[in-house]
Structures are given as structure tokens and as C-alpha cells.
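User: Could you walk me through how to read the features of this model? I would like the general idea each time, and then the case at hand.

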Amino acid sequence: MGDGHGGYRTQMGFLTGWRFCPRCGVQLDSDDKRAECAACGSVYYAHSVPAVAALVVGDDGHVLLARRAHEPDAGLWDLLGGFLEEGEEPLDGLRRELLEETGLEVEPHDFLGAFLDTYGEGPQAANVLNLVWRARIVAGQPVSADDVAELRWFPREELPPPEECAFRWVAPFLGGLASARN
Ligand SMILES: [Zn+2]
């Protein structure tokens, strides 16, 4: 469901339901974009959560995808990656996530774009901004770990169909790859 900004939004915004300041417990003055605490001066802004993802491409041009082990979207195919930690350099986060999920050391190359999506449902839902790089393996053999149930190499012409792709941005993204010449 578009929100008029060309992206997706969850029904539950970042600040939805916030009533009291998490720092001092006093009642907040808030709307869906911003919450301000008159007592301690804290200001909280609603935002999309930044995540990083890698399109890992092998020497033969095949693409490495991960089948998700856990909800949301357990059992569906996803790019490798995850949420950035606070203050973490995006490419450091990308290397960290790949190492955690696959045991691989990767080196990011071209930036492929930024894709808005949602993650999960209900009170745990988040609006997520996915930053995506093409990456190559520098060292290691892929072994699924962490929140990955299975890793598999896909030829470009045999990428998983949309109904087997996690989230909303992955299927159109992979569809673009299948039709790309490079
Ligand atoms: Zn406060």
C-alpha cells in the first residue's frame, strides 16, 4: 500500500501508541512524526529503520540467496544482510551480517539502490530502508547460520518466483536482475 511517498508503510508507525517518555516516564506530546518530552527535553522522531543487504554474485554469475529460518517470512528467499547497529558504518554492517549468516568474507562493490519496505506485522512491525550492494566473496565457503535456514546459488534465469520471495522489495528486485543483461 503506497503512502504517497512512493514507498510502503506499516499501519503501525514508529511512534504509534507512545504515551510516556522512555527516558523519564512523563507524558509525551506526540503525533505520528515526532514526540517531545517537556520534562527532560528528549525528542523522538519516527523513522524507517536502516538495513543493509548484499547481492552476492559468484564468478559464474550465479546469485547467492538465503532461505529465512524465522518469522517474518520464514521459509522464503531473501538477500543476505540485516539491520545496522547504532553508529555502525553501513559497509562494516554488511560484512558483519554476511559473516554471521554465511561464514563468508565479502567485499562490497557497486551500490544497487535503496528500497523501502515493511518488516513484520502488528506492534513489532517496522518500516525498513534497505541499502543494497553487489558483493563478491573474498574468503570462505557458504554455511548457513544465524537466521538463515539454507543458502543456495541461483542462475539468473532460475531465480525463485515472487511467491517464494520474502518481503515486498525482493521479488521486483530479483525480477529486475533476471531481465538485466549484466
Ligand atoms: Zn522525558
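User: Which residues have the most contacts inside the largest nonpolar core?

Analyst: A nonpolar core is a set of buried Ala, Val, Leu, Ile, Met, Phe, Trp, Tyr and Cys residues joined through side-chain atoms within 4.5 Å. Buried means under 20% relative accessible area, exposed over 50%, and partly exposed in between, with a 1.4 Å probe and protein chains only. Here the largest nonpolar core has 19 residues, and those with the most contacts inside it are Leu65, Leu79, Trp169, Phe173 and Leu174. Strand E4 (49-57), strand E5 (63-68) and helix H2 (170-179) are the elements that give two or more residues to this core. H2 supplies the largest share, five residues. Apart from this core lies another, of 16 residues, including Leu80, Leu84, Leu98 and Trp133.

User: Before we go on, what should I keep in mind about the model and the element names?

Analyst: This is a predicted model: local features need pLDDT of at least 70, side-chain atom pairs count only at pLDDT 80 or more, and totals for chains, interfaces and linings use all residues. Residues are numbered from 1 along each chain as its sequence is written, and side-chain values use heavy atoms, with hydrogens and water left out. Helices (H or I, at least four residues) and strands (E, at least two) are DSSP runs, numbered from the N terminus.

User: With which residues is leucine 65 in contact, leaving aside its neighbours within four places in sequence?

Analyst: Contact means heavy atoms within 4.5 Å. With neighbours within four places in sequence set aside, the partners of leucine 65 are Trp77, Asp78, Leu79, Glu150, Leu151, Arg152, Phe154, Leu159, Pro160 and Leu174.

User: How many bridges does E5 share with E10?

Analyst: Strands of a sheet pair through backbone hydrogen bonds, either parallel or antiparallel. Two strands count as paired if DSSP finds at least two bridges between them. E5 and E10 pair in the antiparallel sense over six bridges, with valine 63 opposite phenylalanine 154 in E10. Two bridges join E5 to E6, again antiparallel, and alanine 66 has aspartate 78 in E6 as its bridge partner. E4 is also joined to E5 by two bridges and runs antiparallel to it; there, valine 56 stands opposite leucine 64. E4 and E5 form a hairpin with five residues between them, and glycine 61 in the turn has a positive phi of about 90 degrees. E5 is mostly covered, with five of its six residues buried.

User: What kind of ring pair do tryptophan 77 and phenylalanine 154 make?

Analyst: Rings of Phe, Tyr and Trp (its six-membered ring) pair if their centres lie within 6.5 Å; planes under 30 degrees apart count as stacked, over 60 as edge-to-face and the rest as tilted. The structure holds nine aromatic pairs. For tryptophan 77 and phenylalanine 154, the centres are 4.9 Å apart and the planes are at 85 degrees, so this pair is edge-to-face.

By contrast, tyrosine 119 and phenylalanine 167 have ring centres 5.5 Å apart and planes at 25 degrees, so they are stacked. Tyrosine 119 is partly exposed at 25% relative accessibility, whereas phenylalanine 167 is buried at 18%.

User: Which residues are the protein donors of the zinc ion?

Analyst: Donors are N, O and S atoms within 2.8 Å of the metal (3.2 Å for Na, K and Ca); water is not among the atoms, so sites may look incomplete. The zinc ion has Cys21 (SG), Cys24 (SG), Cys37 (SG) and Cys40 (SG) as protein donors, 2.3 to 2.4 Å away. Their spacing in sequence is C-x2-C-x12-C-x2-C. Cysteine 24 lies in the segment before strand E1 (29-30) and cysteine 37 in the loop between strand E2 (34-36) and strand E3 (43-45), so the pair ties together parts that are 13 residues apart in sequence.
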